[in-house]
Each structure stands twice: as structure tokens, then as C-alpha cells.
Amino acid sequence: MSDCLFCKIIAGEIPSAKVYEDESILAFRDIAPQAATHILVVPKAHIPSVDGVTAENSAIVAHIFEVIPAIAAAEKLTGGYRVVSNCGADAGQTVPHLHFHILGGQTLNPQMA
């Protein structure tokens with residue numbers, strides 16, 4: 001999508017601090033981190049949110065969850081980490097492109113789900 005922030009980052013039109021990239025996903029540091037380590041993992045194919053996951057594109061989500069532990073290990077998140085995906089405005093999704101937050105590097109608030 002031409003007006004999607006994450007699509008522009010994927011296309012290289014907007015710079016990012018990449019931590020991982022392969023043919024189908026990109027992971028980069030959040031510009032407004034909510035934890036000591038805050039990385040976003042996005043599919044390169046535009047999927048609007050969790051609601052847009054289908055049988056045809058769900059393999060990319062599986063791949064993301066295969067890569068997340070490797071990213072966490074590379075970031076030395078040995079004490080644990082949280083993976084979050086917001087779906088829709090009421091949940092706080094501000095960019096309409098499926099993405100997963102990896103949060104860690106500190107003790108996280110247990111009230112935050």
C-alpha cells in the first residue's frame with residue numbers, strides 16, 4: 001500500500017534500524033520504545049491486522065513466530081520477553097499493517113497483557 005508507513009519502511013523509502021530481514025519479513029527497532037528493547041516484526045506483504053490473517057497468508061505469521069526467538073536470543077533477552085500485536089484502534093493499533101512488538105530487556109509490568 002502506497003500510504004502505509006510500514007510498507008514505506010519495507011520499501012526503503014523511510015529509514016529504520018533493522019535487526020533482521022529475510023525474503024518475507026523485516027524486524028526493526030521501534031522509534032518510540034516502550035521497553036529497553038522494543039522491536040517490531042512485520043510481514044513484507046501488506047496485511048492490515050490480525051483480522052487480515054487467512055489460510056492463504058497464515059504461513060507468514062508462523063514464520064514470524066519461528067524467527068522471534070532468534071531475534072530475542074540475538075538481543076540477549078535471556079530473562080524473558082513479551083510479544084504483542086494490537087488489532088484495531090480500540091486496542092491501540094496505530095499503523096494498519098500487521099506487526100508484532102518484541103518487548104524486553106527489563107522487568108515488564110505484569111498488569112500489561
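In which loop is His97 found? In this predicted model, where local features need pLDDT of at least 70, side-chain atom pairs count only at pLDDT 80 or more, and totals for chains, interfaces and linings use all residues, His97 is found in the loop between β4 and β5. Residues are numbered from 1 along each chain as its sequence is written, and side-chain values use heavy atoms, with hydrogens and water left out.

The secondary structure of the protein chain comes to two helices and five strands, where helices (H or I, at least four residues) and strands (E, at least two) are DSSP runs numbered from the N terminus. Read from the N terminus on, these elements follow the order α-β-β-β-α-β-β. The radius of gyration of the chain, taken over C-alpha atoms, is 14 Å, close to the 13 Å that the globule rule gives for 113 residues, so the chain is as compact as a globular protein of that length; the rule itself is 2.2 Å times the number of residues to the power 0.38. Along its principal axes, the C-alpha trace spans about 35 × 30 × 25 Å.

Of the 113 residues, 39% count as buried, a term that stands for under 20% relative accessible area, whereas exposed stands for over 50% and partly exposed for values in between (1.4 Å probe, protein chains only). The protein chain exposes about 6,400 Å², of which carbon and sulfur atoms supply 55%; accessible areas come from the Shrake-Rupley method with a 1.4 Å probe, and for residues only the protein chains shown count as cover. Among contacts (heavy atoms within 4.5 Å) between residues at least 6 apart in sequence, 55% join residues at least 24 apart. The mean positions of the 6 positive and 11 negative charges are 10 Å apart, where Lys and Arg count as positive and Asp and Glu as negative, His and the chain ends not being counted, and where the place of a charge is taken as NZ of Lys, CZ of Arg, CG of Asp or CD of Glu.

Rings of Phe, Tyr and Trp (its six-membered ring) are taken to pair if their centres lie within 6.5 Å, with planes under 30 degrees apart counted as stacked, over 60 as edge-to-face and the rest as tilted. By this rule the count comes to two aromatic pairs. The rings of Phe6 and Phe28 have their centres 5.6 Å apart and their planes at 75°, so this pair is edge-to-face. The pair links distant parts of the chain, with Phe6 in helix α1 (residues 5-10) and Phe28 in strand β2 (residues 25-29), 22 residues apart. Phe6 counts as buried at 4% relative accessibility, and Phe28 is buried with a relative accessible area of 4%. Phe65 and Phe100 form an aromatic pair that is edge-to-face, at 5.1 Å centre to centre and with 80° between the planes. Distant parts of the chain are again linked, Phe65 lying in helix α2 (residues 58-74) and Phe100 in strand β5 (residues 100-104), 35 residues apart. Phe65 counts as partly exposed at 41% relative accessibility, whereas Phe100, at 6%, counts as buried.

His97 is buried, with a relative accessible area of 0%. Leaving aside neighbours within four places in sequence, the residues in contact with His97 include Cys4, Phe6, Cys7 and Ile10, together with Val42, Pro43, Lys44, Ala45, His46, Ile47 and Pro48. The C-alpha atoms of His97 and Gln34, 63 residues apart along the chain, are separated by 19 Å.

Other positions were examined at the surface. Ala74, in helix α2, counts as exposed at 57% relative accessibility; Ala74 and Ser2 are 72 residues apart in sequence and 32 Å apart in space, C-alpha to C-alpha. Gly12, placed in the loop between α1 and β1 (18-21), counts as exposed at 57% relative accessibility, and the C-alpha atoms of Gly12 and Ala74, 62 residues apart along the chain, are separated by 23 Å. Lys76, found in the loop between α2 and β4 (81-84), is exposed, with a relative accessible area of 65%. Most residues other than glycine have a negative phi. Lys76, although not a glycine, has a positive phi of about 60°.
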